[in-house]
Amino acid sequence: MVPLRESYTMPDHDRKPVDTDQIKALLHQKKRSMRLRLAACAGCTLCAESCFLFVSKGRDPRYMPSYKVLNSLGRLYRKKGKVSRAELEEMKDLLWKNCMLCERCYCPIGVDLPNMIAFARMILRSQGVYGVYPHSLGAPDGDGDETSDPRRQSDQGQGEAETNKAGSE
Amino acid sequence: MIIATKKQLEELKEMLRGYSKVLNVGCGGCTAVCLAGGQREVEDLNTQLAISFKADHVTFEIDSFTVERQCEMHFLSALDEIVKPYDALLSMACGAGVQFLAERYPDKPTFPALNTVFVGVNRDIGWYEERCKSCGECVLAMTGGICPIAMCAKGLLNGPCGGPQDGHCEVNSEVSCAWIKIHERLKAQGRLENILKICPVREWQDQVQGTLVLEPYRERYSRK
């Protein structure tokens with residue numbers, strides 16, 4: 001048996017150049033409907049009120065659904081897919097950190113904002129850029145109170161963690 | 001959220017044996033958060049499968065595509081064109097997502113890459129604890145926010161049983177007795193009367209397939 005864990009490495013997208021042709025092809029697939037939706041956005045900001053993150057983050061405009069769409073998918077269309085990895089990383093924060101994709105954002109003129117965010121995410125995923133949950137890297141994202149759980153600091157808590165892990169396996 | 005764990009590689013190989021072109025479909029929802037079925041885990045698993053089949057001298061090709069959530073049909077629609085050339089699908093979603101994927105593409109054999117374990121909470125990195133059995137008849141209001149169905153080994157509604165020793169369960173001495181914890185919490189809150197009366201027999205609604213249609217939407221779906 002090949003010792004699998006020692007014989008492979010994870011794909012390292014960071015070192016790969018952005019495949020702008022692939023992005024362009026993906027953008028082209030839904031060009032008509034997406035550009036129509038982008039053009040239809042009147043910037044009325046009414047969608048903002050329906051976003052729980054916008055409301056809970058002190059009404060920070062970066063959490064407005066329209067802002068997230070215009071600065072990710074809109075940007076990709078404006079630049080015809082010619083974006084750098086750094087730009088994709090900027091969009092990643094907008095599309096994953098600033099959006100839960102709960103699909104509850106509401107547009108009074110019927111622009112399907114969640115669908116546009118999902119499409120933008122799909123394009124970023126094709127380049128290996130996607131939301132990595134902060135806890136998976138062991139790095140608190142700073143939004144939550146990471147030290148508030150008393151069990152995490154107690155011996156009793158650690159004991160139960162081991163029990164539960166064994167139980168789940 | 002829903003917690004899942006990865007299946008053993010040998011089990012997956014056994015499922016996929018005989019299929020030479022497979023699409024591994026990741027899920028960006030719960031299973032990505034519990035580090036079991038997101039895009040990164042999809043790529044990891046594909047690499048392992050490809051190497052392992054190659055070592056066995058078996059022709060095998062596997063590709064990946066991650067959708068935002070496999071439990072929503074409109075996210076799955078992104079796969080409509082993509083799945084066509086594949087012999088089989090491997091899903092890294094929970095059991096619900098696997099079934100929805102199989103329902104959308106009924107002509108494609110669909111296999112689960114994960115074991116769906118429970119509905120739980122995320123205590124810390126890679127540390128998840130079961131908290132809910134989705135029983136459909138929540139009693140948390142009466143039990144001080146501690147679920148006896150999920151936390152008591154016997155699922156007792158009128159506890160504790162005669163088994164606990166030093167506050168621990170007789171089934172597993174390393175686990176605290178749920179009913180003693182319930183008693184302590186209610187006592188601290190001055191609500192012990194909550195559990196003094198006998199809790200009636202339940203309907204155990206989770207024994208049948210659950211479907212929830214919210215009240216304002218009932219008319220809309222009854223027309224179909």
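Chain B is divided into domain 1 (2–118) and domain 2 (133–198), with bounds that come from an automatic or database domain assignment. Everything here belongs to a predicted model, in which local features need pLDDT of at least 70 and side-chain atom pairs count only at pLDDT 80 or more, while totals for chains, interfaces and linings use all residues. Residues are numbered from 1 along each chain as its sequence is written, and chains are lettered from A and ligands numbered from 1 in the order in which they are written.

**View 1. The two domains of chain B and the space they span.** Taken over C-alpha atoms, the centres of domain 1 and domain 2 of chain B are 38 Å apart. Chain B holds eight helices and seven strands; helices (H or I, at least four residues) and strands (E, at least two) are DSSP runs, numbered from the N terminus. The radius of gyration of chain B is 22 Å, well over the 17 Å that the globule rule gives for 224 residues, so chain B is more spread out than a compact globule. For that comparison, the radius is taken over C-alpha atoms, and the rule is 2.2 Å times the number of residues to the power 0.38. Along the principal axes, the C-alpha atoms of chain B fill a box of roughly 65 × 50 × 25 Å. Of its 224 residues, 32% count as buried. Here, buried means that 20 or more other C-beta atoms lie within 10 Å of a residue's own, exposed means 12 or fewer, and partly exposed is in between, with C-beta atoms placed from the backbone.

**View 2. The parallel sheet of chain B.** Four strands form an open sheet in the order β3-β2-β4-β5 (chain B), with parallel pairing. At the edges stand β3 (61–67) and β5 (110–112) of chain B, each with a single partner strand, so one side of each is left without a neighbour in the sheet. Neighbouring strands of this sheet are turned by 25° against each other on average, direction ignored. The axes behind that angle are lines fitted to C-alpha atoms, for helices over the stretch in contact, and angles run from 0 to 180 degrees between N-to-C directions.

**View 3. Strand β2 of chain B and its partners.** Strand β2 (residues 21–27) of chain B is joined to β3(B) by seven bridges, and the two run parallel; strands pair if DSSP finds at least two bridges between them. Within this pairing, V22(B) has I62(B) as its bridge partner, and N24(B) stands opposite S64(B). Four bridges join β2(B) to strand β4 (residues 88–91) of chain B, again in parallel, and here L23(B) is partnered by L89(B). Six of the seven residues of β2(B) are buried, so β2(B) is largely enclosed by the rest of the structure.

**View 4. A cis peptide bond in chain B.** The bond to look for joins G159(B) and P160(B), where omega is about 0°. P160(B) sits in the loop between α6 (148–151) and α7 (178–189) of chain B. As background, most peptide bonds are trans.

**View 5. Helix α8 of chain A and its cover.** Chain A has 10 helices and zero strands, and 28% of its 169 residues count as buried. Among contacts in chain A between residues at least 6 apart in sequence, 69% join residues at least 24 apart; a contact requires C-beta atoms, placed from the backbone, to lie within 7 Å. The 13 residues of helix α8 (residues 85–97) of chain A should span 18 Å at 1.5 Å a residue, and the end C-alpha atoms are 17 Å apart, which agrees. That expected span is 1.5 Å times one less than the number of residues. In α8(A), the residues L88(A), M91(A), K92(A), L94(A) and L95(A) are buried. Their cover includes α6 (65–70), α7 (73–78) and α9 (113–126) of chain A.

**View 6. Two positive phi angles in a loop of chain A.** L101(A) lies in the loop between α8 and α9 of chain A, and E103(A) has its place in the loop between α8 and α9 too. Although not a glycine, L101(A) has a positive phi of about 55°. E103(A), also a residue other than glycine, has phi near 65°. L101(A) is partly exposed, with 19 other C-beta atoms within 10 Å. E103(A) likewise counts as partly exposed, with 16 C-beta neighbours inside 10 Å.

Notes
Two residues are in contact if their C-beta atoms, placed from the backbone, lie within 7 Å.
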